[in-house]
Amino acid sequence: MRTETTDRGVRPRSPAGLPRAYLLWLGGILVSLLGNAVFSFALGWAAAAHGGTVAGLALSAITLPRVLLLLVGGAVGDRVSARRVLIAGDAAMLVGTLVLAAVAYRLGTPPWLLVATGVALGVVDAFYLPASGSMPRRLVADDAQLPRALSLRQAGGQLIAMGGGPLGGVLVGLAGLVGAALVNAVTFACALLVLTVVRPRSPATPGTAAPGGILRQAGEGVRVAFAHPVLRPGLCLTGAAAGFLLPVMALLVPLLVRERGWGAAAAGLVIGAQGVGMVASTLVVVKRGPLGPPGLLSAAALLPAAAGVLGLALAPGAPAAVGAGFAVGAGSGIFAAHIAPLVLATAPESHLSRVQAVLVLVQSLALLLMNAVLGAFAELAGAGLALTGCAALLACTALAGLASKPLRRDRTGL
């Protein structure tokens with residue numbers, strides 16, 4: 001068994017080289033993600049029964065408070081410690097989902113209950129996501145291990161995303177929203193139990209953040225993130241990739257398949273191929289570690305992703321589209337496996353949660369904007385032309401990233 005030495009003494013490491021504490025925490029997080037995936041399906045299904053307006057309100061009720069409070073959540077994570085925020089978030093969701101199950105059992109699923117649940121989820125996410133995003137660096141002392149650690153998390157999350165929907169459908173069919181809420185409560189209890197035994201590699205140091213109130217500290221996180229010579233282009237690259245890449249599978253592929261009459265099964269195969277490509281490429285990083293300078297690899301990986309998006313636009317039939325979907329997944333997997341550890345390892349120790357909050361906010365805002373823009377454009381000009389535009393913009397983003405000297409030359413984690 002290998003060991004690592006930290007300021008807390010000697011800690012055992014798994015044969016794979018990752019600290020046992022990280023692997024234990026990751027197991028708890030993935031169990032919680034599975035519960036969230038099942039519950040999200042159940043919540044959306046229950047809201048859809050009331051019509052499109054209620055379904056849209058339920059989704060907006062999650063997104064809006066999350067976006068509005070993310071920077072505050074990051075500041076709180078740095079101020080009181082990420083672990084405490086995660087414990088509070090899991091405890092709140094455990095209680096909240098149990099209350100929801102009880103109310104839904106008595107009253108059913110009225111719209112006000114679904115919207116209130118969405119608001120609660122969005123508020124907790126705003127504090128939970130930055131703290132959770134900072135935990136790998138708090139648990140993994142060696143920056144060279146961060147790409148493998150984050151790739152393992154990404155691969156697990158992708159597999160759960162692929163299986164969460166079907167599992168949620170089965171569970172909702174058997175037990176409805178009440179059953180999904182109870183399952184989600186059990187997963188939060190598991191995550192909470194894990195957090196009680198997992199300790200960061202260094203003691204939390206509340207009060208070391210910038211002086212002033214929470215809002216001032218939140219603003220300080222934005223300033224630090226965009227003043228840093230590597231973080232600034234890294235965040236811009238991430239935002240552009242989120243805007244031009246994430247809507248491809250969620251929005252444009254279903255529209256393309258409908259336009260060309262390939263059938264719902266074809267859309268499922270394309271999206272599944274993208275997931276397989278992403279998992280395969282991230283598992284390569286899990287096994288081998290970073291494939292090169294992280295900034296250089298992140299920017300370069302957007303080129304095969306762009307080629308895959310263009311392949312979707314030009315695909316003469318469903319089989320070709322499935323191959324293009326795999327290319328999109330492989331490129332986006334390599335991108336995520338290198339940009340995430342770069343941002344996390346480069347962030348100052350005192351601003352880990354706040355930089356993660358900025359990262360999530362940049363992705364969320366880009367996705368919200370481009371979903372609206374690409375949806376409207378596809379309705380006017382067709383999904384194929386919208387995909388072609390995404391491919392061109394992704395290629396330009398990759399070239400801009402390759403032209404950035406700080407990003408191209410950074411060797412963090414190597």
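**Close-up views of a predicted model**

By the rule used here, the count comes to five salt bridges. One of them joins Asp-125 in helix H4 to Arg-66 in helix H2, so this pair ties together parts that are 59 residues apart in sequence. Keep in mind that the model is a predicted one.

**View 1. Asp-125 and Arg-66 meet side chain to side chain.**
Look for the salt bridge here, with N and O 2.8 Å apart. Asp-125 sits in helix H4, which covers residues 111–139, while Arg-66 belongs to helix H2, residues 52–80. Is Asp-125 buried, exposed or partly exposed? Asp-125 is partly exposed, with a relative accessible area of 21%. Arg-66 also counts as partly exposed, at 21% relative accessibility.

**View 2. Arg-354 pairs up with Asp-78.**
The closest N and O atoms of this salt bridge are 2.8 Å apart. Arg-354 comes from helix H11 (residues 352–381) and Asp-78 from helix H2, so the pair ties together parts that are 276 residues apart in sequence. Are these two residues buried or exposed? Both Arg-354 and Asp-78 are buried. Arg-138 joins in here too: Asp-78, Arg-138 and Arg-354 are linked in a network of salt bridges.

Where is Ser-81 found? Ser-81 is in the loop between H2 and helix H3, the latter covering 82–107. Ser-81 has a relative accessible area of 10%, so it counts as buried, the cut-off being under 20%.

Arg-223 is partly exposed, with 49% relative accessible area.

**View 3. Trp-25 belongs to the largest nonpolar core.**
This core has 106 residues. Which residues have the most contacts inside this core? They are Tyr-22, Trp-25, Leu-302, Val-309, Leu-312 and Leu-387. Zoom in on Trp-25 and, leaving aside neighbours within four places in sequence, you can pick out its contacts, among them Leu-86, Met-135, Pro-136, Arg-153 and Val-198. As a general point, nonpolar side chains tend to be buried together in soluble globular proteins.

**View 4. Four residues make a nonpolar patch on the surface.**
The members are Leu-159, Met-162, Val-276 and Phe-326. Together they have about 350 Å² of accessible area. To get your bearings, find Leu-159 in helix H5, which covers residues 146–197.

**View 5. Stepping back, the protein chain comes to 13 helices and two strands.**
The radius of gyration is 21 Å, close to the 22 Å that the globule rule gives for 414 residues, so the chain is as compact as a globular protein of that length. Along its principal axes, the C-alpha trace spans about 60 × 60 × 45 Å. How much of the chain counts as buried? Of the 414 residues, 51% do. The accessible surface comes to about 17,100 Å², and carbon and sulfur atoms own 71% of that. Among contacts with a separation of 6 or more, 84% are between residues 24 or more positions apart.

Methods: Residues are numbered from 1 along each chain as its sequence is written. This is a predicted model: local features need pLDDT of at least 70, side-chain atom pairs count only at pLDDT 80 or more; totals for chains, interfaces and linings use all residues. Side-chain values use heavy atoms; hydrogens and water are left out. Patches are made of residues with over 30% relative accessible area and no salt bridge: like charges are joined within 9 Å, nonpolar side chains (Val, Leu, Ile, Met, Phe, Trp, Tyr) within 5 Å. Accessible areas come from the Shrake-Rupley method with a 1.4 Å probe; for residues, only the protein chains shown count as cover. Helices (H or I, at least four residues) and strands (E, at least two) are DSSP runs, numbered from the N terminus. A nonpolar core is a set of buried Ala, Val, Leu, Ile, Met, Phe, Trp, Tyr and Cys residues joined through side-chain atoms within 4.5 Å. Buried means under 20% relative accessible area, exposed over 50%, partly exposed in between (1.4 Å probe, protein chains only). Contact means heavy atoms within 4.5 Å. The radius of gyration is taken over C-alpha atoms; the globule rule is 2.2 Å times the number of residues to the power 0.38.
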